[in-house]
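Here is a short briefing on one protein model. Keep the structure open while you read the points by topic.

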Amino acid sequence: MHQNCYKDDPYAKEFGITIDETPTSIDARVLPAPWLKYHDSGKQKEVLPQMGQWNMKDKVITVNAYISSSIANRMQFTYEAVLFFVSQKVINGSVINFWACINFSKTVTDSAAQSFCHQLVQMCQESGMDIKSDSVVPVYSARPDHVKKVLKQVCTATVNKLGGKELELLIAILPDNNGSLYGDLKQICETDLGLISQCCLTKYVLKISKQYLSNVSLKINVKMGGRNTVLLDALRWKVVASQDWPEVTKYAGLVSAQPHRQELIQDLYKTWQDPQRGKVNGGMIRGLLLSFEKATWKKPLRIIFYRDGVSDGQFYQVLLYELDAIRKACASLEPNYQPPVTFIVVQKRHHTRLFPSNHKKHRQKWRHLTWYCGVVDTKICDPVEFDFYLCSHAGIQGTSRPAHYHVLWDENNFTADEIQSLTNNLCYT
């Protein structure tokens, strides 16, 4: 504010605009972090995160998750703040029998790629995963523009060698500046081959660190069906796509394409006429409900719907359309099946930043001018609507942007404390 000298701006003065250089002072609360459960074979079976982060020293990771690899790569894991790992193990380690590596980087030699894979596999094994030490086929080196060709070659070579069995995991080494290679590789693996992949940049392959290997091993475990940690205290409410009630750490992922700049999710519920079966019910909500029922042998008693990417002006247009789609999807399973729904919009594209007023006095505690588990629901929030700001993670670099939650519909009758605690706790799963 001082550097920009807004108070001396001639245009602001001409329009009679004055800008206060002192930030608005508001009251905030720090929510208690949930206790996390790790494998019983570790020295420390339970851990309470401190300042929005925790490490994996002396812990063992707690299998059976279903999540697409592209979603897992984009997930903002709360434990991204976990930087130092020693002898960590997951609560459920996944099983990987057949894996391979493709090197798309000119600066990484075959021996360097093999060494990286060996250390990564070793870290996965130390984390509690059951992964074979050797790849099915030797490391393949290929040009980025031959991505589709080499992927099919590796898959074909695996099937021929294993007598029909397919590859389970692909480790891909990409150039630091890879353009569209990452997107092309993910699209082919996800849509054409049905193959789970883990991409690693050249700079991390050439300069291997335990920290990086530990973070990648956690990602691989989740993608391959494992669970890294679970909440110690079981939540009291069910979440529509969670697959391991009551721990709520596994989710079914669905992807559906729709037109550009289309705010409403068109495929939440849909019907079509089939010449043989007549009217057919489908859509993403119905698919998630069926997936939940298959995993837990029961339908969800409550639905909590977190919705991203909605502007303020379209809140109620989206609510009316998508809440109706949820209702229809539930009724398509059973005519009288209508669980209570809580509809929450989450916004990240805003300019609100929250800073603790005493960050200079407690520089280590309030690191990077932000705080963890901080919630604000007064003064800067709507006086009538049910909304709040929550910063549920520690800022590793720069200034953290709090998520702005708008509760548009709540048939579960949550109190503000309940929905804020539930939302914060889910960020640790």
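Leaving out neighbours within four places in sequence, Leu333 is in contact with Arg286, Leu289, Leu290 and Lys299. The model is predicted.

**Around Leu333**
- Leu333 belongs to helix H9, which covers residues 315-333.
- Leu290 is one of the contacts of Leu333. The two residues are 43 apart along the chain, yet their C-alpha atoms are separated by 8.5 Å.

**The six-stranded sheet**
- An open sheet holds 6 strands in the order S1-S15-S16-S17-S14-S13. Its pairing is mixed.
- Strands S1 (29-30) and S13 (303-308) are the edges, and each pairs on one side only.
- Helix H10 (residues 416-426) packs on this sheet. H10 touches S1, S13, S14, S15 (374-376), S16 (386-391) and S17. The direction of H10 makes about 35° with that of S16.
- Strands S14 (residues 341-347) and S17 (residues 403-410) run antiparallel and are joined by 6 bridges.
- Phe343 stands opposite Trp409, a residue of S17.
- In general, strands of a sheet pair through backbone hydrogen bonds, either parallel or antiparallel.

- Is Arg307 buried or exposed? Its relative accessible area is 6%, under the 20% limit, so Arg307 counts as buried.
- The side chain of Arg307 makes a polar contact with the side chain of Glu322, at 2.7 Å.
- Beyond four places in sequence, Arg307 is in contact with Glu263, Leu264, Ile265, Val318, Glu322, Phe343, Ile344, Val345 and Val346.

**Helices H3 and H7**
- The axes of H3 (residues 110-126) and H7 (residues 210-223) come within 9 Å. They cross at roughly 65°.
- The crossing of H3 with H7 is right-handed.
- On the H3 side, the contact involves Phe116, Gln119, Leu120, Met123 and Cys124. On the H7 side, it involves Lys210, Tyr212, Leu213, Ser214, Val216, Ser217 and Ile220.
- The residues of this H3 and H7 contact divide into 8 nonpolar, 3 polar and 1 charged.

**The S11 and S12 hairpin**
- Strands S11 (residues 270-274) and S12 (residues 278-282) run antiparallel, with 5 bridges joining them.
- S11 and S12 form a hairpin, with 3 residues between the strands.
- Which residue of S12 is the bridge partner of Thr271? The partner is Asn281.

**Positive phi in two loops**
- Most residues other than glycine have a negative phi.
- Trp297 has a positive phi, near 65°. Trp297 is placed in the loop between helix H8 (284-296) and S13.
- Trp297 has a relative accessible area of 78%, over the 50% limit, so Trp297 counts as exposed.
- Asn413 has a positive phi, near 55°. Asn413 lies in the loop between S17 and H10.
- Asn413 has a relative accessible area of 62%, also over 50%, so Asn413 is exposed.

Technical notes: Residues numbered from 1 in each chain as written. Predicted model: local features only at pLDDT ≥ 70, side-chain atom pairs only at ≥ 80, totals over all residues. Heavy atoms only, no water. Axes fitted to C-alpha atoms, helices over the stretch in contact; angles between N-to-C directions. Helix = DSSP H or I, 4+ residues; strand = E, 2+ residues; numbered from the N terminus. Left-handed = near helix turned anticlockwise from the far one by under 90°. Contact = heavy atoms within 4.5 Å. Nonpolar A, V, L, I, M, F, W, Y, C, P; charged D, E, K, R; others polar. Pairing = 2+ DSSP bridges. Buried < 20%, exposed > 50% of the residue type's maximum accessible area, 1.4 Å probe, protein only. Polar contact = N/O pair within 3.5 Å; in protein donor to acceptor, adjacent residues only side chain to side chain.
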